[in-house]
Amino acid sequence: MFATGTATTMTCPQCDAGRLTILRSCGRVRMECGQCRRQFQIHEVAHRLDAQTEAILERWNSIIYD
Ligand SMILES: [Zn+2]
């Protein structure tokens, strides 16, 4: 199964330049930076979540806490 990406307006905690995309695959959710391609688990960026991203994740809240 291919991951599906959902773009967000959040910036990357690592490079501070890229925007994070929410990736869903195999029942897990990760966020990936479009610039440095680093992937983050949700809990790593939880303190930076904006309202829009939180709303997206809320719809998936049964699977994000893996
Ligand atoms: Zn980055």
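A nonpolar core is a set of buried Ala, Val, Leu, Ile, Met, Phe, Trp, Tyr and Cys residues joined through C-beta atoms within 7 Å. The largest one here has seven residues: Met 10, Cys 12, Leu 20, Ile 22, Val 29, Met 31 and Cys 33. The model is predicted, so local features need pLDDT of at least 70 and side-chain atom pairs count only at pLDDT 80 or more, while totals for chains, interfaces and linings use all residues. Residue numbers start from 1 along each chain as its sequence is written.

**Confidence**
- The mean pLDDT (the predictor's confidence in each residue, from 0 to 100) is 86 for the protein, and 86% of the residues score at least 70.
- Confidence is highest in strand 4, at a mean of 95, and lowest in helix 2, at 89.
- Helices (H or I, at least four residues) and strands (E, at least two) are DSSP runs, numbered from the N terminus.

- Among the seven core residues are Met 10 and Cys 12.
- Strand 2 and strand 3 are the elements that give two or more residues to this core, and strand 3 gives the most, with three residues.
- In soluble globular proteins, nonpolar side chains tend to be buried together.

**Strand pairing**
- Two strands pair if DSSP finds at least two bridges between them.
- Strand 2 (residues 19-25) pairs with strand 3 (residues 28-33) in the antiparallel sense over six bridges, with Leu 20 opposite Cys 33.
- These two strands form a hairpin with two residues between them, and Cys 26 in the turn has a positive phi of about 50°.
- Strand 3 also runs antiparallel to strand 4 (residues 39-41), joined by three bridges; Arg 30 stands opposite Gln 41 there.
- The hairpin of strand 3 and strand 4 has five residues between the strands, and Arg 37 in the turn has a positive phi of about 65°.

**Loop residues**
- Gln 35 lies in the loop between strand 3 and strand 4 and counts as partly exposed because it has 15 C-beta neighbours inside 10 Å.
- Beyond its neighbours within four places in sequence, Gln 35 is in contact (C-beta atoms, placed from the backbone, within 7 Å) with Cys 12, Cys 15, Ala 17 and Gly 18.
- Leu 49, in the loop between helix 1 (42-45) and helix 2 (51-58), has 17 C-beta neighbours inside 10 Å and therefore counts as partly exposed.
- The C-alpha atoms of Leu 49 and Met 10 are separated by 7.1 Å, at 39 residues apart along the chain.

Technical notes. A residue is buried if 20 or more other C-beta atoms lie within 10 Å of its own, exposed if 12 or fewer, and partly exposed in between; C-beta atoms are placed from the backbone. Two residues are in contact if their C-beta atoms, placed from the backbone, lie within 7 Å.
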